[in-house]
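Here are a few notes to read alongside the model. Take them one at a time and find each residue as you go.

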Amino acid sequence: MNSFTSRLNSLFAFTLSVMAALTFGCFLSTVLNDHLRPVQLSVGKVSVKNVPDYSADRERSDLGFITFDLFTDLSPLYNWNVKMLFLYLTAEYKTKDHELNQVVLWDKIVKRGENTILDFRKTNTKYYFWDYGNGLKGNENVTLTLRWNVIPNAGTLPNVRGVGSEVIRFPDQYTAGRF
């Protein structure tokens, strides 16, 4: 006859098998969902300054400053398998030294139950817009894009690029004084 510990082990193994099957079913029910949403981005103030970078080798580097407007409705992304969204605004540009530069300027976590309609006006960047060199002054092709990660309860972690971006041009002259 089976002992108490043997029966407890069988019950535990069966419970884990059922939980694994339910988790896999949760993943399968939402794996084909479309995570794309339109994003309206516009940029207000754009300026660039040449300042010493004390965190590196103290050489002078370009520091960009922008304000932006952002509108998007992310409520269709939420279903019973979405825990939260991690949003981040990136700037992509090309310089003579590097073919692709990517900088994260702003981020936000939107949890389930919070306001999913984002409507920001004249928002400053959360992080410094450094170019390690002089690649921002006069740069005509800096593209701002909102991206997000969908954090599910079970399943893959998709990295999604929002539909819509904004191309900005930095001035040909450095801004004097404070921003």
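1. How many salt bridges does the count come to? A salt bridge here is a side-chain nitrogen of Lys or Arg within 4 Å of a carboxyl oxygen of Asp or Glu. By this rule the count comes to 6. Keep in mind that this is a predicted model, where local features need pLDDT of at least 70, side-chain atom pairs count only at pLDDT 80 or more, and totals for chains, interfaces and linings use all residues. Residues are numbered from 1 along each chain as its sequence is written, and side-chain values use heavy atoms, with hydrogens and water left out.

2. Start with D107 and K126, whose side chains meet in a salt bridge at 2.7 Å, N to O. This pair links distant parts of the chain, 19 residues apart: D107 is in strand β4 (residues 101–111), and K126 is in the loop between β5 (117–124) and β6 (129–131). Helices (H or I, at least four residues) and strands (E, at least two) are DSSP runs, numbered from the N terminus. D107 counts as buried because its relative accessibility is 15%; buried means under 20% relative accessible area, exposed over 50%, and partly exposed in between (1.4 Å probe, protein chains only).

3. Next, look at D119 and R121, which form a salt bridge with their closest N and O atoms 3.0 Å apart. D119 is partly exposed at 43%, while R121 counts as exposed at 54%. There is also a network to trace: salt bridges that share partners join E140, R169 and D172.

4. Now for strand β7 (residues 142–152): is it mostly covered or mostly open? It is mostly covered, with 10 of its 11 residues buried. Strand β3 (residues 82–93) runs antiparallel to β7, and 10 bridges join them; A91, for one, has L144 as its bridge partner in β7. Two strands pair if DSSP finds at least two bridges between them.

5. β7 is also joined to strand β8 (residues 159–168), by 7 bridges, and these two run antiparallel. Find N149, which stands opposite N159 in β8. The β7 and β8 hairpin has 6 residues between the strands, and there G155 takes a positive phi near 125°.

6. Finally, visit helix α1 (residues 4–30), where M19 sits. M19 counts as partly exposed because its relative accessibility is 48%. Together with F14, V18 and L22, M19 makes a nonpolar surface patch of about 420 Å².

Methods:
Patch = residues over 30% accessible without salt bridge, like charges linked within 9 Å, V, L, I, M, F, W, Y side chains within 5 Å. Areas by Shrake-Rupley, 256 points an atom, 1.4 Å probe, with all protein chains shown as cover.
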